[in-house]
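Let's take a walk along the place where two protein chains meet. Have a look at the picture first, and then we will go through it step by step.

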There are 2 protein chains.
Amino acid sequence: MAESEEREDEGLNERLVQDILDAVDQAEGSRLTQLLEPLHPADIADLLEQISPEERHALLTLWQGLDGEVLSEIREGIREEVIDTMAPEVLADAVRELDTDDVVDIVQDLELPQQEIILGALNRADRAAVEKALTYPEYSAGRLMQREAVVAPEHWTVGEAIDFLREAEYLPDQFYHVILVDPRMKPLSYVTLGRVLSSRRDGQLRDLAEDSFRTFHPADPESDVAYQFNQYHLISAPVVDDDGRLVGVITIDDAMNVLDEEHEEDILRLAGVGDDSSISDGVVETLRQRTPWLLVNLGTANISAWVISQFEGTIAIIVALAALMPIIASMGGNAGTQSLTVAVRALATRDLTSSNAARVVRREVAVGLVNGLFFAVVMGALGVTLYGGTVMLGVVIALAMIINLAVAALAGVIVPLTLQKLRLDPALASGTFVMTLTDVVGFFSFLGLATVMLL
Amino acid sequence: MAESEEREDEGLNERLVQDILDAVDQAEGSRLTQLLEPLHPADIADLLEQISPEERHALLTLWQGLDGEVLSEIREGIREEVIDTMAPEVLADAVRELDTDDVVDIVQDLELPQQEIILGALNRADRAAVEKALTYPEYSAGRLMQREAVVAPEHWTVGEAIDFLREAEYLPDQFYHVILVDPRMKPLSYVTLGRVLSSRRDGQLRDLAEDSFRTFHPADPESDVAYQFNQYHLISAPVVDDDGRLVGVITIDDAMNVLDEEHEEDILRLAGVGDDSSISDGVVETLRQRTPWLLVNLGTANISAWVISQFEGTIAIIVALAALMPIIASMGGNAGTQSLTVAVRALATRDLTSSNAARVVRREVAVGLVNGLFFAVVMGALGVTLYGGTVMLGVVIALAMIINLAVAALAGVIVPLTLQKLRLDPALASGTFVMTLTDVVGFFSFLGLATVMLL
C-alpha cells in the first residue's frame with residue numbers, strides 16, 4: 001500500500017497541479033523547475049493539456065526546460081501552440097535527442113515554417129530519414145517506424161553479436177531483438193535479446209531465431225500494424241521495402257499508441273463527434289467538432305417530424321398516440337445502438353468477418369424478434385392498463401414494437417457491414433443512420449397502424 | 001506489396017476458413033491438421049470463435065492438437081465449451097507449457113471440476129503460484145503477473161549476470177529486463193537487456209540501471225496497471241508485496257490486453273449493452289446481455305411519455321406540436337451523447353481531472369448555449385416557414401432548443417463526473433440517464449412553453 005502512495009507522489013495530482021500553478025502565478029522560476037523536474041514527460045504533457053491556454057503560456061514563458069519527450073507526448077492541437085512559445089534553439093535541442101519516428105510524429109502535423117526549424121536542427125542522416133518517412137502516406141507503417149535498427153549477419157555467433165553491440169557507437173533507446181539479415185540487408189528472422197544473453201558465446205544466432213517472424217511494408221496502414229502487434233503479441237517488427245530490404249523497425253509502444261487512437265476514433269465517431277475532439281479543446285474547436293453532426297441530426301429529425309406530420313389527422317382524434325409514439329422510437333433507437341456497437345467493435349477487432357456475417361445477421365434478427373415479442377406484450381399491456389387505451393390500441397403498440405425492434409437489430413449489423421464493404425469506416429455516421437431509420441420506422445409503423453386499425 | 005500477400009496467406013481468410021470447414025465436414029483429420037498447423041494460436045482461437053457451435057464441436061472432436069496458447073487466446077465464454085471437449089490428458093499437456101499468468105487467466109473463469117483438472121496437471125511450484133494468484137482480487141495486478149522473474153544482486157557485474165543467465169535452468173518465455181534486488185529480494189531498479197548486451201563484462205549493473213522505475217502491488221487494480229504501462233511506455237514492471245519483496249512481473253502484452261478490454265467495456269457500456277457481449281454469443285446469451293438494458297429504457301421512455309401525456313390538452317389544440325416535439329428531444333439527446341462520450345473517454349485516459357473539471361464544465365455550458373442559439377434560430381425559422389407555424393410557435397421552438405441543448409451539454413459532463421466521484425464506472429448507465437434527462441427536459445420545456453405562450 002505504501003507503494004501506491006509513493007506512486008501517487010510521482011504522478012500528477014490536484015495539489016501538485018495547484019502548487020505548479022501557484023509557482024507560475026508568482027513567477028517563481030526555480031520553484032517551478034523543482035516541481036516539474038521529477039515528473040515523467042508524459043505527466044508534464046498531461047499537465048500542459050489540462051491547464052488553461054493562459055496558464056500554459058505563462059508556464060512555458062517561465063520554464064524553458066521543455067524537452068523532446070514532452071513535445072512528443074503532447075497532443076497535436078496543443079503541440080503547435082507549445083512550439084510557438086519555444087525559442088528556436090531550445091526547440092532544436094529538444095528534437096535532436098529524439099528517435100526519428102518521434103520526430104516524424106511531431107513534424108507531420110506542423111506548418112511549413114515550424115517544420116523547417118525542426119528539420120534544420122537535425123543532423124544530415126536524421127533529416128534524410130525524417131524526410132523519407134514523410135514521403136509515405138499518413139497513418140502508414142512508414143511514418144510509424146524508426147530508422148534505427150539493430151542487425152547482424154545471419155552467420156554470426158552470439159559472441160560476435162555481443163562484441164558488435166559493445167563496440168556500437170549508436171544504439172536505439174529501446175530495442176528488443178537482433179534482426180538477422182542477409183548480405184543484401186534482407187531480414188531473415190530475429191533473435192530476442194533474452195536468448196542472446198542466455199546462450200553461449202559460440203552459439204549460432206540462426207539457431208536461436210524465433211519461429212514466427214512478421215515484417216511490414218512502409219505503405220501498410222498503421223491500423224493493420226496495431227492489429228497484428230496486438231493479435232500476435234509482437235514486441236518489435238522490421239519494415240522492409242519493395243525489394244525486401246530492411247528500412248526500419250516498429251516497436252510495441254508505437255503500436256499501442258495507434259491502438260489507443262483507433263479506439264478513440266471509434267468511440268467518438270459512434271457518438272457523432274469529430275474524431276479530433278479532446279477535453280482540452282476550447283469552445284470554438286469544440287463547436288467545430290460537434291455542430292456539423294448536430295446539423296445532420298437536425299436534418300434527420302426533420303424527416304421524422306415530417307413522417308409524424310402526415311398523421312396529424314389521426315393524432316387529432318386520438319391524442320394519446322402523441323405520448324406513446326416516442327416510446328416505440330426510443331426502444332428502436334436503443335436496440336439499434338446495442339446491435340450496432342457490438343458489430344462495429346467486432347469489425348474493429350476483426351471478429352466479424354465474411355465467414356460469420358450471415359450467422360450474426362440471423363442471430364440479430366432472432367434477438368430482435370424475441371425482444372420485439374417480449375416488449376410488445378409488456379408495452380401493449382401497459383397501453384391498455386396504464387394509459388387506459390382500448391385493446392386495439394394495445395395491439396397497435398405491440399405490432400409497432402415488434403416491427404421496430406426487428407428492424408433495429410437488423411439495421412444495427414447491416415449498416416456497418418455495408419459501410420465496411422464500401423471501404424468506409426463502419427463507425428462513421430452509422431449511428432445517425434440507424435437512429436434515423438428506427439425513428440422513421442417507429443413513427444410510421446405506429447401511427448400508420450393506428451390510422452388503419454383504430455379510426 | 002508481396003509482403004502483404006504473404007501475410008494474407010499466413011492469417012485467416014475466407015477461403016481458408018471454408019477449406020477448414022470442408023475438411024471438418026468430410027472428417028479428413030490429417031488435411032485439417034495440415035491446414036491448422038501453420039496458423040498462429042491467436043488465429044486458431046479467432047477461427048473457433050467465428051464458426052458455429054456445431055462446427056466447433058466437430059472440429060475439436062476431429063483435431064486433438066489444440067495447445068495451451070490457443071486455450072489462453074480464446075474468449076471466456078467459448079473456452080469452457082472447448083475445455084469440455086478436450087480429453088483430460090490433452091488438457092493437462094496443453095496447460096503445462098504455459099506461463100503461470102496465462103494459467104491463472106484460464107483457471108479463474110472455470111467451474112471447480114475443470115479447475116481441478118488443470119491445477120492437477122501442474123507441477124507443485126506452478127500449482128502453488130497459481131493458487132497464490134487466485135487469492136488476489138479479480139482484475140488485480142496479482143492475477144495479471146507472472147511469477148517467473150529474472151533477477152540479479154545489485155552488486156553484480158554485466159559478466160556475472162550473463163554467466164548466470166547462461167547457466168539458468170529455467171527462464172521465462174519473454175523477458176526484457178534484469179531486475180536488481182537487495183539480499184531481501186527487494187527490487188531496487190532494473191537494467192534493459194539492450195544495455196546489458198552492449199556493455200563491457202566488467203561494467204557494474206547498477207551503473208546501467210534505468211532512471212525511472214515503477215513497481216506495482218498485487219492488489220493494484222489492473223486498470224491502473226494498464227494505464228501506467230500506456231502512460232509511461234513500460235515494457236515490464238516488478239510486482240512487490242507489502243514488505244517490498246518481489247513476487248512477480250507484469251509484461252506489456254498483458255497490459256495491452258487489459259487496455260483493450262477496458263476500451264471494450266467502455267464502448268459497450270456507453271451503448272447500454274452488457275460488457276461481456278460478443279459477436280460469437282448465441283441468441284440466449286445476447287438476450288441476457290441486452291434485454292435488461294432495454295427494460296430500463298422502457299421505464300425511462302414511459303417517464304417521457306407521462307410528461308407528454310400531461311400536455312395532451314395542448315396537443316389536441318395545436319396538433320403540429322406532436323410532430324415538432326421529437327426534434328427538440330432528439331437534438332438534446334445527440335448533444336448530450338457528444339458531451340458525455342468526450343467526458344467518459346477523458347476520464348478513462350485521466351485527461352479529465354479535478355484540476356480541469358471546472359473549466360470543462362464552463363466550456364460545455366458555453367458550447368451548449370452557442371449551439372442552442374444557433375439551432376434555435378434555424379429551427380425557429382423552419383417552424384414558421386416549413387411547418388407553417390406562427391411566429392410565437394417559432395419562439396417556443398427556439399427557447400426550448402436553447403434550454404435543452406444547454407442542459408444536454410451540462411448533463412453530459414456532470415453525470416459522468418458525479419459517477420466517478422461516487423466511485424462508479426462513468427460509462428455505466430450514464431447514457432440512459434442523460435438521454436432520459438434530455439427527453440424529459442425537451443418535451444417538458446417545449447410543451448410547457450407552448451401551453452403558456454400559445455394557448
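Buried area is the accessible area (1.4 Å probe) that two parts lose on being put together, summed over both. Here, chain A and chain B bury about 11,400 Å² between them, and 61% of that area lies on carbon and sulfur atoms. Leu197(A), Met256(A) and Ile279(A) supply 8% of the area that chain A buries against chain B, more than any other three residues. This is a predicted model, in which local features need pLDDT of at least 70 and side-chain atom pairs count only at pLDDT 80 or more, while totals for chains, interfaces and linings use all residues.

Contact means heavy atoms within 4.5 Å, and 133 residues from chain A and 133 residues from chain B take part in it.

Charges meet here too. A salt bridge is a side-chain nitrogen of Lys or Arg within 4 Å of a carboxyl oxygen of Asp or Glu, and chain A and chain B have six salt bridges between them. One of them joins Arg345(A) to Glu264(B), with the closest N and O atoms 2.5 Å apart.

Now let's zoom in on two helices (DSSP runs of H or I, at least four residues, numbered from the N terminus). Helix H4 of chain A (residues 41-50) packs against helix H16 of chain B (residues 222-232) at an angle of about 95 degrees, their axes 8 Å apart; axes are lines fitted to C-alpha atoms over the stretch in contact, and angles run from 0 to 180 degrees between N-to-C directions. That makes H4(A) roughly perpendicular to H16(B), a label for angles of 65 to 115 degrees. Ala42(A), Asp43(A) and Asp46(A) touch Tyr227(B), Gln231(B) and Tyr232(B) there.

Residues are numbered from 1 along each chain as its sequence is written.

Notes
Chains lettered and ligands numbered in written order. Heavy atoms only, no water. Parallel < 35°, antiparallel > 145°, perpendicular 65-115°, else oblique.
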